[in-house]
Amino acid sequence: MMRAHPVSGQRRIAWLASYPRSGNTWTRLLLANFLSAAAEPVGVNDIGSAMFSALYHGRPWFDSVAGISSSDCTEDEAESLRPAVVRFWAQEAKREETPLFCKSHEAYRDTPAGEPLFPDDVTVGAVYLVRNPLDVAVSWAFYLDEGFSHSVAYLNARTSRIGGAGSQELRQRLFDWSGHVESWTGAPFPVLTVRYEDLLADTVSWLGKIASFLRLDGASDHRRLEQAVAHSAFARLQENEDREGFHMRGQYSRTPFFRSGVAGDGRRHLSAAQVRDVLAAHGATMARFGYSCRATGRATG
Amino acid sequence: MQQTPFTIDADFDLSEAAAPWSRAHGADVAVRRGAVPLSLPRPESRGVAWQHAAGRTLILTPCGVRFLVEGGSTIRYALDGGASLADLRLFFLGTALSVLAAQRGLLPLKASAVANGEDVHALVGMPMRGKSASAAALAARGYPFFADDLLILDAKGLDAEARCYRCDDLKVWPQALALADCESLGPVRGTSKYRKLYAMPRQRAARVSGRLRTIVYLASFKKGDASGDRHSTHLERLSGRKKVETVMTTIHSRPITIAVVGHRPLFQWVMALSRRVEMLGLTRPEIPTVFGAGVNRIATLLSAAESGTVQTRKGAAP
């Protein structure tokens, strides 16, 4: 199996990348629980500190590392500085053996200055999560508190983005869903592509593959993997969010962040026309990853 | 009493708000266009956009404005790559002035503020939590606008009182103009890619200094809260370690200020400030339709802070 580069010098960033609502946060929790190996689960609001991770789009992180305020910069200026920011973060970090984890929902691409947004020279590798776009469309709609037509259009638009000027997050360009997938699976550093559905079906095995790819100690320790998976069980996360709230919940969302988590929601919620729209835009990429291109939705069963 | 803690002789027009700092002759600080290096030899500390060595701080902004701030008394600047006077003014009255203040033994806070007579109330929080818009909206509710982005404190006098100074104009995002009940005065920077606007609040404080009485840390319910629904506000009085840690997060250009002042002295300043001011954490919805209700809550809170009757309990938005 392909593996990430070993952590060495300033090469220490492991990207956790995905289109939004594709299991990125759950994977971070799985890894946080795996790395902590503690008897108690990592709380949903403690992921960052538990696994020394950053949100690559976070303004507070950018401002604290850059030393200037992102809100004084144009979107292009801030974006063009981000490779230098993550490079500096990697250089200054005291941690020497385990990667620094950086979450992103952005497509792999260049900055306006023409430099890769995700610089190869600080990267050990990327775990890229891909999820059936029909299910993504449903989950994204609930997260945004928008209709399914809105989220389907979002997945199909090359110009889709989140954050930016006036937002608490820096601008993140997503491309359309297929463009996002193709950008990451073609990145120039080691990328482990994980289907969300596979991770859901056999979480212990796939967490082990992720840990092995990232060269984490204990990657073959079955008990440790099982404990991390149990600590990250969906029902537990829902209970945790219900009790404490969760800082990543959507601004306008009326449903919990950990809402459903199941595979197959797309065809239960989307109309046949909405399914056809997704298939027309993404059928080829869906087929590449083994997703059914059968044009049935809620209306036709 | 000196009106400002130092005076500035700049070879470009400072903003109207910074006019009290300006002196044509005999100023404490000279600001001149000149040669500014791209790096400093043997920097003691550095970040992506700055370097510090031997009492000199180099600031490299992504728009092409560079500053060399030296010994708390001179600032040289250079404009490259199409940087405009508006860009210069923005970064001068923010990052460069905060570094200059730190070099002169003053404590720069990233805060917006309103005043009531001699009392000043600062609004702090993470980026994009509505500090400026809230200050402007409070100006329409009887609390004259005092400062935006940078509030400079007399760190050495903190044992006696928390005297603070303002120097910059109000800046808001276009979508906040109506919420904040203020008028646009035009773009902040010389590029259409930057959307923030200078704005005129309904009332402005005439004074340039005041006594910092309250710091309100603004957070939002977007980040989830089990204690209530998403249309309510939640207030807590911060104390002890949490208070000190929160003040630390509000330092302007924090990594540069730490490099200039040093961890230990800065921590001592923050401890002194924490003893001197009341600090309240206000969590509110981030939904525009209830922004005004959240500002009403802040106004009520400031009034209570002035009379010493703050009740820290969850409150439904009116």
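Visitor: Why is B:Leu93 called buried?

Guide: This is a predicted model. In it, B:Leu93 has a relative accessible area of 2%. Buried means under 20%, so B:Leu93 is buried.

Visitor: Where does B:Leu93 sit, and what does B:Leu93 touch?

Guide: B:Leu93 lies in helix H1 of chain B, residues 85–103. Leaving aside residues up to four places away in sequence, B:Leu93 touches B:Ser15, B:Ala18, B:Leu150, B:Cys167 and B:Asp168. The C-alpha atom of B:Leu93 is separated by 15 Å from that of B:Ser73, 20 residues apart along the chain.

Visitor: Which residues make the contact?

Guide: H1(A) supplies A:Trp26, A:Thr27, A:Leu30, A:Leu31 and A:Phe34. H9(A) supplies A:Thr203, A:Leu207, A:Ile210 and A:Ala211. By class, the contact of H1(A) with H9(A) has 7 nonpolar residues, 2 polar and no charged ones.

Visitor: Which residues of helix H6 of chain A are buried?

Guide: In H6(A), residues 148–156, they are A:Phe148, A:Ser151, A:Val152, A:Tyr154 and A:Leu155.

Visitor: How do you know that they are on the same side of H6(A)?

Guide: They cover an arc of only 155° around the axis, so they are on the same side of H6(A).

Visitor: What covers the buried residues of H6(A)?

Guide: The cover includes helices H5 (133–144), H7 (177–185), H12 (265–269) and H13 (272–288) and strand S5 (161–162) of chain A.

Conventions
Residues numbered from 1 in each chain as written. Chains lettered and ligands numbered in written order. Predicted model: local features only at pLDDT ≥ 70, side-chain atom pairs only at ≥ 80, totals over all residues. Heavy atoms only, no water. Contact = heavy atoms within 4.5 Å. Helix = DSSP H or I, 4+ residues; strand = E, 2+ residues; numbered from the N terminus. Nonpolar A, V, L, I, M, F, W, Y, C, P; charged D, E, K, R; others polar. Buried < 20%, exposed > 50% of the residue type's maximum accessible area, 1.4 Å probe, protein only. Arc of directions from axis to C-beta.
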